[in-house]
Amino acid sequence: MALRRWLGLGFGGSIGVAVATQARINGELGHRLGDGIAAATISFGSGLLILAVVFACSGHLRAGVGRVRVALRSGELRWWQLLGGISGAFFVAGQGLTVATIGVTTFTVAAVAGQVVSSLVVDRLGWGPGGRTPVTAWRIAAAALGLVAVLLAAVGRNGSGSFGHGGTSVLLVVLPLVAGLLVAWQQAVNGRVGVVGGPFSATLANFATGTAALVVIEAAVLVHRGGLGQLPTAPWLYLGGLIGIVFVALAVLTVRWIGVLLLGLTSVAGQLLAALVLDVVAPTGTGLSVWAVVGCLLTFVAVAAAARSRG
């Protein structure tokens with residue numbers, strides 16, 4: 001059990017690194033297309049296509065899908081537990097709808113606030129594959145410290161101590177908050193599906209539902225805009241889907257070992273660490289800041305506190 005917990009902590013950080021890398025790739029693709037939701041749709045869609053090919057070539061993986069169907073018929077799984085990908089679609093759509101108005105800092109802090117609160121609730125109710133985990137003072141402190149760390153890092157990366165822009169609507173802040181709430185639920189239900197059919201069956205369900213939701217959203221965007229711009233030719237801009245497969249499957253496996261809260265905190269720590277490295281080797285904004293470094297270090301303290309509680 002101790003080995004699995006240490007592996008889970010390492011995997012959680014690796015997931016965060018992969019998420020940060022994918023975000024940088026999809027962000028650049030969205031910038032070149034002038035449409036962030038189109039970039040997310042391409043990322044989800046390419047991931048789904050890769051999974052379809054892999055499942056077509058592997059009888060072992062198809063057997064996992066069969067076990068999921070049996071579990072649905074028996075009631076071991078509920079149909080809504082296959083809809084985790086919709087949360088991912090809602091998250092990226094929320095980015096496209098709100099970041100230009102409220103700013104990256106406000107979006108990030110609101111989303112992480114929703115995620116850490118939801119993680120405590122999801123673990124307490126036992127919705128994830130790891131069973132019930134009580135809400136303790138250590139876990140509350142870890143969640144609060146994680147939020148403070150992200151606040152410091154986000155302000156540092158934004159290059160400003162202010163949030164959003166003038167006239168920020170409360171509704172636009174609520175959207176990333178809800179998106180964060182849904183992330184914890186997504187990790188829990190994906191983990192449940194993974195217990196039955198394996199991590200790649202859960203990943204397939206995640207990409208299928210997420211792609212379907214994003215296609216609907218992007219169709220509405222294209223009708224409003226009148227079409228999509230020319231696709232860029234750089235191959236690396238289309239690696240987001242492959243990276244997504246890796247971190248979603250890894251999260252499905254890891255959540256049963258360390259729980260939803262600890263997975264969320266280790267993932268955030270990995271994201272901030274990767275963002276710092278990317279700011280050094282491939283800067284795109286204000287560059288490295290002291291507050292971003294402090295925030296990153298504090299996330300590791302939050303992880304230690306949450307791990308102590310779970311231990």
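These legends walk through several close-up views of the structure shown above.

The model is predicted, so local features need pLDDT of at least 70 and side-chain atom pairs count only at pLDDT 80 or more, while totals for chains, interfaces and linings use all residues. Residues are numbered from 1 along each chain as its sequence is written, and side-chain values use heavy atoms, with hydrogens and water left out.

**View 1. A salt bridge joins Glu28 and Arg32.**
Side chains of opposite charge can pair when their charged atoms come close. Here a salt bridge means a side-chain nitrogen of Lys or Arg within 4 Å of a carboxyl oxygen of Asp or Glu, and the count by this rule is 2 salt bridges. In the bridge between Glu28 and Arg32, the closest N and O atoms are 2.8 Å apart. Both residues belong to helix 1 (residues 2-33), where they sit 4 residues apart, about one turn of the helix. Helices (H or I, at least four residues) and strands (E, at least two) are DSSP runs, numbered from the N terminus. Glu28 counts as partly exposed because its relative accessibility is 27%, and Arg32 is partly exposed at 41%. For these words, buried means under 20% relative accessible area, exposed over 50%, and partly exposed in between (1.4 Å probe, protein chains only).

**View 2. Arg139 and Asp123 meet in a salt bridge.**
The N to O distance for this pair is 2.6 Å. Arg139 lies in helix 5 (residues 137-158) and Asp123 in helix 4 (residues 84-125), so the pair ties together parts that are 16 residues apart in sequence. Arg139 and Asp123 are both buried.

**View 3. Helix 1 packs against helix 2 (residues 36-57).**
Two packed helices are described by the angle between their axes and the distance between the axes. Axes are lines fitted to C-alpha atoms, for helices over the stretch in contact, and angles run from 0 to 180 degrees between N-to-C directions. For helix 1 and helix 2 the angle is about 125° and the axes are 7 Å apart. The two helices are therefore oblique to each other; angles under 35 degrees count as roughly parallel, over 145 as roughly antiparallel, 65 to 115 as roughly perpendicular and the rest as oblique. Contact means heavy atoms within 4.5 Å, and here it is made by Gln22, Asn26, Leu29, Gly30 and Leu33 of helix 1 with Gly36, Ala38, Ala39, Ile42 and Ser43 of helix 2.

**View 4. Gln22 is a residue of helix 1.**
Is Gln22 buried or exposed? Gln22 counts as buried because its relative accessibility is 13%. Leaving aside neighbours within four places in sequence, Gln22 is in contact with Ser43, Gly240, Ile243, Gly244 and Phe247.

**View 5. Gly36 has its place in helix 2.**
With a relative accessible area of 43%, Gly36 is partly exposed. From Gly36 to Leu177 the separation is 141 residues in sequence and 19 Å in space, C-alpha to C-alpha.

**View 6. Helix 2 meets helix 3 (residues 59-74).**
Their axes come within 5 Å and cross at roughly 105°, which makes helix 2 roughly perpendicular to helix 3. Val54, Phe55, Ala56 and Cys57 in helix 2 meet Gly59, Leu61, Arg62 and Val65 in helix 3.
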